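The report that follows is meant to be read beside the sequence and the coordinates.

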Amino acid sequence: MYKVVKRERIVPNIHLLVIESDAIHTNAQAGEFVVVRADEKGERIPLNLVDWDEQSVSVVFMEIGTSTRKLAALKAGDEVATLVGPLGKPTEVPKDKSILCVGGCYGIGALLPVIRAFRQNGNRVVTAIEARSEYLLYWQDKLKLYSDELHEITRDGTKGFKGHVNDFLVDHLKKNKIDMVYVQGCTYLTYLTSETTRPLAIRTIVGLNPIMVDATGMCGVCRVIVNGETKFGCVDGPEFDGHQVDWANLLSRRKIYLKEEVHSLSFYECETYG
Amino acid sequence: MAKIEPKKTPMRERAPKDRVKDFNEVPFGYSPEEAINEAKRCLQCKRPTCVQGCPVEIDIPGFIKFIAEGDYMDSIKRLKEKNVLPAVCGRVCPQEDQCEKVCVLAKKFEPVAIGRLERFAADWEARQGESPIPQLPEPTGKRVAIIGAGPGGLTVAGDLSRLGHAVTIFEALHKPGGVLVYGIPEFRLPKEIIYREVDYLVRCGVELKLDFVVGKTSTIDQLLEEFNAVYIGTGAGLPWFMNIPGENLNGVYSANEYLTRANLMKAYLFPEYDTPIVRGKRVAVIGGGNVAMDCARTALRLGADEVSIVYRRSRKEMPAREEEIHHGEQEGIIFEYLTLPVKYLGDENNWVTEMECLRMELGEPDASGRRRPVPIEGSNYITKVDTVVCAIGQSPNPLIPQTTPDLKIGKWGNIEADDKTGKTSKKGCWAGGDVVRGGATVILAMGDARIAARSIDEYLRTGLW
């Protein structure tokens, strides 16, 4: 069991979870993730590493199904059944490039260690975070520490650029020289970003979140077709070239257990709240 | 001398129609009377061939003689001198290809049911409550890291802790047992048995670190800063696919995923447990080994109407244990022999709906000595499926090879190790079981472990590599 140091809601449905660990920090690198299982009956789910030190690791997640609902109910001093990592391949960090980093949803938090690594290696970091409305944006102050520019995008125009990510990208990439785009967030965001940069032929790295079980290369549920070849998200990824990903396959594989996820959540709610 | 009963004492088991409804164990095991009867069939050969057929060299006539005399305590003691997991091996060893194959009785009659007797003795011990801890020797001050809490790792841990070395087992998953827990279903090997054996090791002073992925959380080189020796028993965890069209459709599983969901994550108890599994109605399992049988019988228990095993050779070449094939047949699994899937077809939502297969015939023997299956041209046909499980084998997990540059790796991604000692190309590192052999068996992993434990002990005492 692993003790929860802190769990706090950052914005509606998005939480920060800090869990005790004295082992994970040793080899942790930007772009890697951990697997968490809330309790003995829980599912193993991958969550991006947001920060780590000698005593703990931090993750940011969106409350959506049973597992994340359980995590969102944790308080300091509670325990989770499983915490293992770091897993996955770290982000490849280029040198002296101009990189546009896009984050949405939990991906805003997941950007933090990556832009830190980019910045430390002499890259120019332009960070763009997006949400439906201003009140769903977060961590601007933390992101600014490692960003040369920080852009906010809201669909309702309550803050920063008004519109979708693709509108911002088209506009920004036209006016600025960008060598590479890096995206963290839901599958739709990574897909949309890749499709927007494809005609411009700007290298685009996406952090994917396929369904996983063991997350060490054993089960293969996280398979992603990249450049026509089957790759395992957990050990070959989770980051891939967005222009080579078979998005139709990935989007449908994300939905394999949609029916069961709904069933599980209503079961959990009945059990928990009566 | 009394006349020898030509057949094994039968082992009672649950009726197929009842047992396919749940995940409880299928055979009941022998009663003491049945065990004594069967034990008396053993001729107590002066030069027993059965022992040579056992990868861990159990004194088979010895433990059987104690059963025949009703002395079960000494029987289990004799077994445990060579085998830390008798309750497991009695259930999952391919006895028909090992000890029982070379039993002298087998020349004329059915061999002695060595596996069933081993299981009997171990289960008897379990019913007596917590087993006593043996007297442990003075600590040697040497530390050994074991990677993987599967059958091999547990064997090395048992052997080395008994010699006074401090042992820590690192396990990637959240439960110990390796393939015994994530792979082999409850109805064939109740998990309680493994947890009891692991608990015994922990009571003997073995440290168990779960949720620790060597190669990621720490590398082998980092472990070697703290430990005097490392044993790698990480198994063959990387699933193979056939690389045919449609394999990434929804509803197409690797055997590892299917079994891990069902066994380790207890998806058969969904939604009480959170991990789901597709409960297909028409399930095809590709492959002919024990893993394929386990998947097919799991699918039945998850409520499938029709489950077929699709195997490219014939029944004779099937690598699965005879008992598993027999149980599968009893439970109504359909066996499509000499059949090879060539393509999966899906609907507009990317779910598998049909499978295209090719019929085969047997040609000349191949490198494995089995007759090579040859496709019959134009024999393609299409059949409806809603779930496919690919159980065609697996190779070693690459995480350790990738992060240990001076470890010599074979062409299948396996770690190369000396078969007399288990030594790898890297000083202080031993390896054995499936990570060296590719997909093999529990008992071979335990045999490798025993050899490596001897070599590790020698190294720790002498410092000679």
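## Helix packing in chain B

Helices α5(B) and α7(B) are roughly perpendicular to each other. This description, like everything below, refers to a predicted model. Helix α5 spans residues 72-80 of chain B, and its axis lies 9 Å from that of α7(B), at an angle of about 110 degrees. The crossing in which α5(B) passes α7(B) is left-handed. On the side of α5(B) the contact is made by Tyr72(B), Ser75(B), Ile76(B) and Leu79(B), and on the side of α7(B) by Glu118(B), Ala121(B), Ala122(B), Trp124(B) and Glu125(B). By class, the residues of this contact are six nonpolar, one polar and two charged.

Helix α7 (residues 114-127) of chain B also meets helix α2 (residues 32-39) of chain B, the two axes coming within 10 Å and crossing at roughly 140 degrees. That angle makes α2(B) oblique to α7(B). Here too the crossing, of α2(B) past α7(B), is left-handed. From α2(B), the residues Ala35(B), Glu38(B) and Ala39(B) meet Arg116(B), Leu117(B) and Phe120(B) of α7(B). The contact of α2(B) with α7(B) has four nonpolar and two charged residues, and no polar ones.

| Helix pair | Axis angle | Axis distance |
|---|---|---|
| α5(B) and α7(B) | about 110 degrees | 9 Å |
| α2(B) and α7(B) | roughly 140 degrees | within 10 Å |

## A parallel sheet in chain B

Chain B contains an open sheet of five strands, in the order β3-β2-β1-β4-β16, with parallel pairing. Its edge strands, each pairing on one side only, are β3 (207-209) and β16 (429-431) of chain B. From one strand to the next the twist averages 20 degrees. Within this sheet, strand β1 (residues 143-147) and strand β2 (residues 166-170) of chain B are joined in the parallel sense by five bridges, and Ile146(B) stands opposite Ile169(B) in β2(B). Helix α17 (residues 442-462) of chain B packs on the sheet, where it touches β1, β4 (229-232) and β16 of chain B, and its direction makes about 170 degrees with that of β4(B).

## The contact between chains A and B

The contact between the chains takes 38 residues from chain A and 33 residues from chain B. On the side of chain A, the elements that give two or more residues are α1 (66-72), β7 (82-87), β14 (223-226), α6 (247-253) and α7 (258-273) of chain A. The largest share of this side, six residues, comes from β7(A). By class, the side of chain A that touches chain B has 16 nonpolar, 15 polar and seven charged residues.

Strand β7(A) is itself mostly covered, six of its six residues being buried. It runs antiparallel to strand β3 (residues 33-37) of chain A, to which four bridges join it, and Phe33(A) stands opposite Leu87(A) in β7(A).

## Glu152 of chain A

Glu152(A) lies in strand β10 (residues 149-154) of chain A. Is Glu152(A) buried or partly exposed? Glu152(A) counts as partly exposed because it has 17 C-beta neighbours inside 10 Å, whereas a buried residue would need 20 or more. Apart from neighbours within four places in sequence, Glu152(A) is in contact with Ile129(A), Leu137(A), Lys159(A), Gly160(A) and Phe161(A). Between Glu152(A) and Thr127(A), which are 25 residues apart in sequence, the C-alpha to C-alpha distance is 8.5 Å.

Key:
Residues numbered from 1 in each chain as written. Chains lettered and ligands numbered in written order. Predicted model: local features only at pLDDT ≥ 70, side-chain atom pairs only at ≥ 80, totals over all residues. Axes fitted to C-alpha atoms, helices over the stretch in contact; angles between N-to-C directions. Parallel < 35°, antiparallel > 145°, perpendicular 65-115°, else oblique. Left-handed = near helix turned anticlockwise from the far one by under 90°. Contact = placed C-beta atoms within 7 Å. Nonpolar A, V, L, I, M, F, W, Y, C, P; charged D, E, K, R; others polar. Buried ≥ 20, exposed ≤ 12 C-beta atoms within 10 Å, placed from the backbone. Pairing = 2+ DSSP bridges.
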